[in-house]
Amino acid sequence: MLYSPTAHVLRLTAQSDANMDRIIKPYILKRTLDQNQGPKLSLDYAKELNAQQYAAVTAVDGPALVIAGAGSGKTRTLVHRVAYLIESGVDPSHILLLTFTRKSAEEMLERVGALIGSRSQRVCGGTFHSVANMLLRRYGRVLGIEPGFTIMDRGDAEDLIALLRVQLGLNEKDKRFPRKGTIAEIYSKCENTLRGLEEVVLDEFSHFADHLEALGKLQRAYQLAKRQRQLLDYDDLLVLLREVLTKDEQTRLTISQQFRYILVDEYQDTNRLQAELIRKLATTHDNVTVVGDDSQSIYAFRGATFRNIMEFPSWFPGATIYKLEENYRSTQPILSLANEIIQEAPEKYTKHLFTRKLDGPLPALVEAAGEHAQSRFVAQKILELREEGVPLNEIAILVRSSFHSFDLEIELSRCGLPFVKRGGIKFIEAAHVKDLLAHLRVVVNPQDAVSWHRVLMLVEGVGPKKAQDLVAAMVRMTNPYQVLRSSSGRSGKGLSALADVLENLTVSDDLSPTEQVNRVYEYYLPILKDHHDDYPKRIRDLDHLHTIAESYPGLTEFLADLALAPPDGSASEVEPVGRDDEQVVLSTIHSAKGLEWQCVFVLWVVDGKFPSVFSFNSDEELEEERRLMYVAVTRAKRHLFLTYPINVYDKSSGMLLSKPSRFLDHVSPQVFETLALIEEGHGHDWGRGYDRYI
DNA sequence: AGGTCTGAATTTTTT
DNA sequence: ATTCAGACCT
């Protein structure tokens, strides 16, 4: 049927990397047209999938591009393809599944497991960063990278940059120098978009063009400091893996032979660097299946480009393109709006989503007199929906930026509506969590200057200068603890106490991570109480950390995992998930990617907020905002409310915002209905908030 | 000289 | 809420 009679290679096994010298002869079995004579399939793929999905799942070897519209069963297709490959005789350990988050990799593999059983466990799945981490620990030696290297998260990278900036004396200039966060952003952009510093600065940070020279100097210092200390930031994981694949022919072949089938999810959100990695990983076979939706590319700020998905066919000549256009999520009225919004985009793979769910309420565009009126509308409507039987966890409120929901959060609490917030401050980024982890890190990697600095600054009487001197001395010595003890002055006592704790952890390496967390915790607790008035809440976070540590055999694994896959949930809401775990979801649109709800509210659909004024200058950024709107709208299954407050003064631009998002300008009027909010009676007291609207 | 404290200025989205 | 510079204290 959909088979082409291309030869299909059955793998005669190659278990591990130890086999690289052994000669493995492929024996080619011709693929037959009759499925009955092929490998025994336990699943009836044709029945479980629609025709488009089936074609993509059973695609033969070679590059394939699957354009999967929103809600078209993208994950389902990917999961079935993995299952299909395994059932066709591909060794699971030869399959590499790259996803956007580690969580989605886990979920997918779990679903594969549900289809075909435990064989799925040997599939290698994860994010680009986690796979790079794994490969570098094994093959990094060819570049002088020890397997015990430390991964720096964004915060660590910023701290190191700040440190070097002071050392180079760059902060005493009269002109304003970019802050550490901005500098890290610039450097990251360079790596991820494969552009030089000058190009990036002139292009996107032209107001800092004066500092180009200084930024270059600092960048070189940063690179050097990382290499010397065995520190890798997120970008290094990818950059260095590429270097391994480029410089070491043998390793490239070994790895490419290891992963003979590569599947990539969310391809529209990959950057140039990642595209190159895939190109190199697949050098020996071109068995690459990428899945994505160019209309949902929303990570350009992080260096991603939807050009990757547009240009895939030229990177992998002969690629077959499959399109999934049947939407299983939303009703037709919602899809009609979504289709009209994206229709205006100048560049895209043309596709037209359709659904069999023809009936449903029209999406509503709601004008509110101000931010608070908007909040009251949402809260009131949610109460109504709950009355109608919509469970709270089927309701989501999406915003462009996380602070857009501040006012609403207050209103929801006031109405007694429970909610969870996704995509705020991460657990792992909380200062106290980082403090505790820093202690563990110096134990694993005594070269880790950034963590040392953090640890030392917590000791009473130690400031930037002393910390720096100590770190410099410790890196030279074989026994860092000796340095701490021999330090004189006011901080002497604190430093030797620190040395005692850390040395204990180092010497007795048979301790479990849990026990090690415990010891540091005891030492750190007084410091925590001293620094933060709200320490009881923070203690709960540390307990959480303690629990996480239980599932790890060693510190190295624990720390690496934590840097790459931060547990979600913000620091403070540790709450034992209310009586019934029904909670409204409050989320940024970015962290709502791939999710769906019965009912979705999109807040601040006002021109100037969404699209934000920052994007007005460039067409590219505006188009990104449009796609973001498309993503937001297509999260809804049945109910959709777009709300916009009017007469809002925007400080940053000095504009009065009063018009709905420009993305709705060309949408036909019959596609949505318009609601105007009217106060019950003549109530001026908005604070009360139980007035009626129509 | 170096550490600590205060006050002023700045905020999109995040693996 | 966080970062950074400058004043003030040891």
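**Briefing on chain A**

Chain A contains 25 helices and 19 strands. The model is a predicted one. Of the 694 residues in chain A, 55% count as buried. Among contacts in chain A with a separation of 6 or more, 76% are between residues 24 or more positions apart.

**The seven-stranded sheet**

- An open sheet is formed by seven strands, in the order β13-β14-β12-β15-β16-β11-β19, with parallel pairing.
- Its edges are strand β13 (419-422) and strand β19 (673-676), each of which pairs on one side only.
- From one strand to the next, the twist averages 20 degrees.
- Helix α25 (residues 619-633) packs on the sheet and touches β12, β15 and β16 (636-645). The direction of α25 makes about 130 degrees with that of β16.

**Strand pairings around β12 and β14**

- Strand β12 (residues 395-399) pairs with strand β15 (residues 597-602) in the parallel sense, over four bridges. In this pairing I397 stands opposite F601 of β15.
- β12 also pairs with β14 in the parallel sense, again over four bridges. Here I397 stands opposite L586 of β14.
- The pairing of β13 with β14 is likewise parallel and spans four bridges. V420 stands opposite V585 of β14.
- Strand β14 (residues 584-588) is mostly covered, with five of its five residues buried.
- Both faces of β14 are covered: V584, L586 and T588 are buried on one side, and V585 and S587 are buried on the other.

**Helices α14 and α25**

- The axes of helix α14 (residues 332-343) and helix α25 come within 9 Å and cross at roughly 175 degrees.
- Angles over 145 degrees count as roughly antiparallel, and α14 and α25 are therefore roughly antiparallel to each other.
- On the α14 side, the contact is made by I334, L337, A338, I341 and I342. On the α25 side, the contributing residues are R626, R627, M629, Y630 and V633.
- Classified by residue type, the contact of α14 with α25 comprises eight nonpolar, no polar and two charged residues.

**Nonpolar cores**

- The largest nonpolar core has 67 residues, and those with the most contacts inside it are L337, I382, I397 and F601.
- Helix α25 supplies the largest share of this core, namely seven residues.
- A second, separate core has 49 residues, including V462, A499, Y523 and I527.
- Not counting residues up to four places away in sequence, I397 touches V378, I382, L408, L412, V584, V585, L586, S587, F601 and L603.

**H639 in strand β16**

- H639 is found in strand β16.
- The relative accessibility of H639 is 16%. Buried means under 20%, so H639 counts as buried.
- With neighbours within four places in sequence left aside, H639 is in contact with I334, P361, L385, Q598, C599 and V600.
- One of these contacts, I334, also belongs to the α14 side of the contact with α25.

Note on methods:
Residues numbered from 1 in each chain as written. Chains lettered and ligands numbered in written order. Predicted model: local features only at pLDDT ≥ 70, side-chain atom pairs only at ≥ 80, totals over all residues. Heavy atoms only, no water. Pairing = 2+ DSSP bridges. Helix = DSSP H or I, 4+ residues; strand = E, 2+ residues; numbered from the N terminus. Axes fitted to C-alpha atoms, helices over the stretch in contact; angles between N-to-C directions. Contact = heavy atoms within 4.5 Å. Parallel < 35°, antiparallel > 145°, perpendicular 65-115°, else oblique. Nonpolar A, V, L, I, M, F, W, Y, C, P; charged D, E, K, R; others polar. Core = buried A, V, L, I, M, F, W, Y, C linked by side-chain atoms within 4.5 Å. Buried < 20%, exposed > 50% of the residue type's maximum accessible area, 1.4 Å probe, protein only.
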